[in-house]
Amino acid sequence: MDTTLGHLLLRRAVERAAEHLVPLQVSMELTYRCNLSCKHCYVDCRPKDELALEEVKDILDQLRAEGTLYLLFTGGEILVRKDFFAIAEYAKEKGFIVMLLTNGTLIGPAVARRIAEIHPLTVRISLYGATAATHEAVTGKPGSFEASVRGASLLQATGVFVSFEMILLDSNIHESGDARCLAEKMGLHLQFGYELTPTKAGALTPQSYEAGPSQFVRFVDPDWLRSTRGSRGPGICKAGRCICSVSPVGDVSPCLLMPLRLGNLRQASFAEIWRTRPVADLVYLRSLTPQDLTRCRECSASSFCKKCLGTALSETGQLTSPSPSACRWAAMRHQLSEERR
């Protein structure tokens, strides 16, 4: 199928799912435990009562009944759960399209083969630099750079589609070009990211590690940053309509980055939380339109904005208030566009 046509069909499917409140894509945080200590991590909680295997399976049954198709397993580090493969294999049996987000350090030959047997759509591995020194200054774990790169190579050898994701920080942006060369040499795609979100508890600590505008101008192709602009300005995402997330203890939220607790799957069914008895916050979220973002629509840089309602809520306490971090990035993209013109 033509790639453009495929994207159009997928976009239409997402629109239809949102219209009918079908949770097409769900992110499951299997655990908040991790074998690394990344300094910018937004997970600042470690609950001890994680969902048991049978509870996870029951949730997967409920999601499938509600129409979920795409399932992202994330954490923490998903592979620290000893029952990870029991969960992932069950998800595959139920017909989900599975995606994995991991740091890659726990992937040896046997683990790579088992992941390949799940046939994930994609496995995304975190990369924080082109050298061990830079990468490990972020992860806090000696040997993690070599382990992550090795894990990616082992997965690639099994035929799994694997890619690197690199969050650009003030401490690693200088290696963005070399990181791209490393990925290309390995035959892998590298996706850059630059938006740092508040922690689960609402602390803004991760944003203190943001790279500054001068660093982006110096080390990153300005065309890439311009290309990340919003095509029609700030809008309303599909969170709470066809996207949601489930925490390690069963809390349901509109998405990974939106700190709104809609209910708990140990206390109510997914259908009750999502459809039959939605809480007031979810009803309000679903009622929002771009016209409710009054101050954003009046901004001169609005067409360059990629506002995240979840981040706005964490930063300001209001879904519809301007997000300071989104404003910073929109202003930078606007400035780069004007300079090029």
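Biologist: Is Ile 78 buried or exposed?

Modeller: Ile 78 is buried, because its relative accessible area is 1%, where buried means under 20% relative accessible area, exposed means over 50% and partly exposed is in between, computed with a 1.4 Å probe on protein chains only. Before we go on, please note that this is a predicted model, in which local features need pLDDT of at least 70 and side-chain atom pairs count only at pLDDT 80 or more, while totals for chains, interfaces and linings use all residues. Residues are numbered from 1 along each chain as its sequence is written, and side-chain values use heavy atoms, with hydrogens and water left out.

Biologist: Where does Ile 78 sit, and what does it touch?

Modeller: Ile 78 belongs to the loop between β2 (70-74) and α3, where helices (H or I, at least four residues) and strands (E, at least two) are DSSP runs numbered from the N terminus. Not counting residues up to four places away in sequence, Ile 78 touches Leu 30, Phe 73, Phe 84, Leu 100, Leu 101 and Thr 102, a contact being heavy atoms within 4.5 Å. Gly 104 is 26 residues from Ile 78 along the chain, and their C-alpha atoms are separated by 9.8 Å.

Biologist: What joins Gly 75 and Gly 76?

Modeller: Gly 75 and Gly 76 are joined by a cis peptide bond, with omega about 25°, and Gly 76 is found in the loop between β2 and α3. As background, most peptide bonds are trans, and most residues other than glycine have a negative phi.

Biologist: Which residues other than glycine have a positive phi, then?

Modeller: Leu 21 has a positive phi of about 55°, and His 119 also has a positive phi, near 55°. Leu 21 lies in the loop between α1 (3-19) and β1 and is partly exposed, because its relative accessible area is 23%. His 119 is in the loop between α4 (109-118) and β4 (122-126) and counts as exposed, because its relative accessible area is 56%.

Biologist: What does Leu 60 touch?

Modeller: Setting aside residues up to four places away in sequence, Leu 60 touches Met 28, Leu 71, Ile 87, Tyr 90, Ala 91 and Phe 96.

Biologist: And Ser 144, buried or exposed?

Modeller: Ser 144 counts as buried, because its relative accessibility is 2%, and its place is in helix α6 (residues 144-157). Among the residues that Ser 144 touches beyond four places in sequence are Leu 36, Thr 105 and His 135. Gly 104 is 40 residues from Ser 144 in sequence, with 8.7 Å between them in space, C-alpha to C-alpha.

Biologist: How far apart are Asp 49 and Val 249?

Modeller: Asp 49 and Val 249 are 200 residues apart in sequence and 6.3 Å apart in space, C-alpha to C-alpha. Asp 49 is in the loop between β1 (25-29) and α2 (53-66), and, leaving aside its neighbours within four places in sequence, it is in contact with Pro 248, Val 249 and Arg 266. Asp 49 is partly exposed, because its relative accessible area is 43%.

Biologist: Finally, how many helices and strands does the chain have, and what share of its residues counts as buried?

Modeller: The chain has 14 helices and 9 strands, and 50% of its 341 residues count as buried. Its radius of gyration is 20 Å, which agrees with the value near 20 Å for a compact globule of 341 residues; this radius is taken over C-alpha atoms, and the globule rule is 2.2 Å times the number of residues to the power 0.38. Among contacts between residues at least 6 apart in sequence, 72% join residues at least 24 apart.
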